[in-house]
Amino acid sequence: MKSNLLLPYEIAEEDFFVIFVLLKLQRMNSMERLFELSDIEIRMGFASSCVEATAKRTGCTYKEMYQRMKRVGLINNFIIRHYDTIHTESRENIIESVLECLENWEKKKGDHSC
């Protein structure tokens, strides 16, 4: 059976195994790099997911939610500062905690949008 894959040159059948192994190794190396993230990269990824999930829950865009959180200092002073505690919670609890904190901090500052 002939493949529809178009290659610029012919590949011998025995070379397919070598290519497969090389691609598999490349994929494994890529996966290993994913596990070599620094602590700050992990925390920033977590903060980003909090912004996005909270925005989705409230119907805001992630940009609007980021601006709200930035105005009151929520990302650095709550999400990142308390990462060790809140990242162990369920996604639902995290969203609830972040929203509650955001609303309280916005009330204190007299600021709310979105």
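Which residues are buried in H2? In this predicted model, the list runs Arg-43, Phe-46, Ala-47, Cys-50, Val-51, Ala-53, Thr-54 and Ala-55.

**View 1. Helix H2 and what covers its buried residues.** Here's the helix behind that opening list. H3, H4, H5 and H6 are among the elements lying over the buried residues of H2. The helix length checks out too: 20 residues at 1.5 Å each should span 28 Å, and the end C-alpha atoms of H2 sit 29 Å apart, so the two agree. After H2 comes Gly-59, with a positive phi near 85 degrees.

**View 2. Helix H6 and its packing partners.** H6 covers residues 91-109. Its buried residues are Ile-94, Ile-95, Val-98, Leu-99, Cys-101, Leu-102 and Glu-106, and they pack against H2 (39-58), H3 (62-72), H4 (74-80) and H5 (83-86). Gly-110 follows H6, and its phi is positive, near 70 degrees.

**View 3. The largest nonpolar core.** This core is built from 20 residues. Zoom in on Phe-46, Met-65, Met-69, Leu-74, Phe-78, Ile-79 and Val-98, which have the most contacts inside it. H2, H3, H4, H5 and H6 are the elements that give two or more residues each to the core.

**View 4. Ile-79 and its neighbours.** Leaving out residues up to four places away in sequence, Ile-79 touches Phe-46, Ala-47, Cys-50, Met-69, Leu-74, Ile-86 and Val-98. Of these, Phe-46, Ala-47 and Cys-50 are also buried residues of H2, while Val-98 is a buried residue of H6.

**View 5. The second largest pocket, at about 210 Å³.** The lining is made up of Met-44, Ala-47, Ser-48, Val-51, Glu-52, Tyr-62, Tyr-66, Met-69, Lys-70, Gly-73, Ile-75 and Asn-76. H2 gives the largest share, five residues, and H2, H3 and H4 each put in at least two. Sorted by class, the lining has seven nonpolar, three polar and two charged residues.

Methods
Residues numbered from 1 in each chain as written. Predicted model: local features only at pLDDT ≥ 70, side-chain atom pairs only at ≥ 80, totals over all residues. Heavy atoms only, no water. Helix = DSSP H or I, 4+ residues; strand = E, 2+ residues; numbered from the N terminus. Expected span 1.5 Å × (residues − 1). Buried < 20%, exposed > 50% of the residue type's maximum accessible area, 1.4 Å probe, protein only. Contact = heavy atoms within 4.5 Å. Core = buried A, V, L, I, M, F, W, Y, C linked by side-chain atoms within 4.5 Å. 1 Å grid on protein atoms, 1.4 Å probe; cavity = no way out; pocket = protein on both sides within 12 Å on 5 of 7 lines; lining within 4 Å. Points joined across faces, edges and corners; volume = space filled by probe spheres on them. Nonpolar A, V, L, I, M, F, W, Y, C, P; charged D, E, K, R; others polar.
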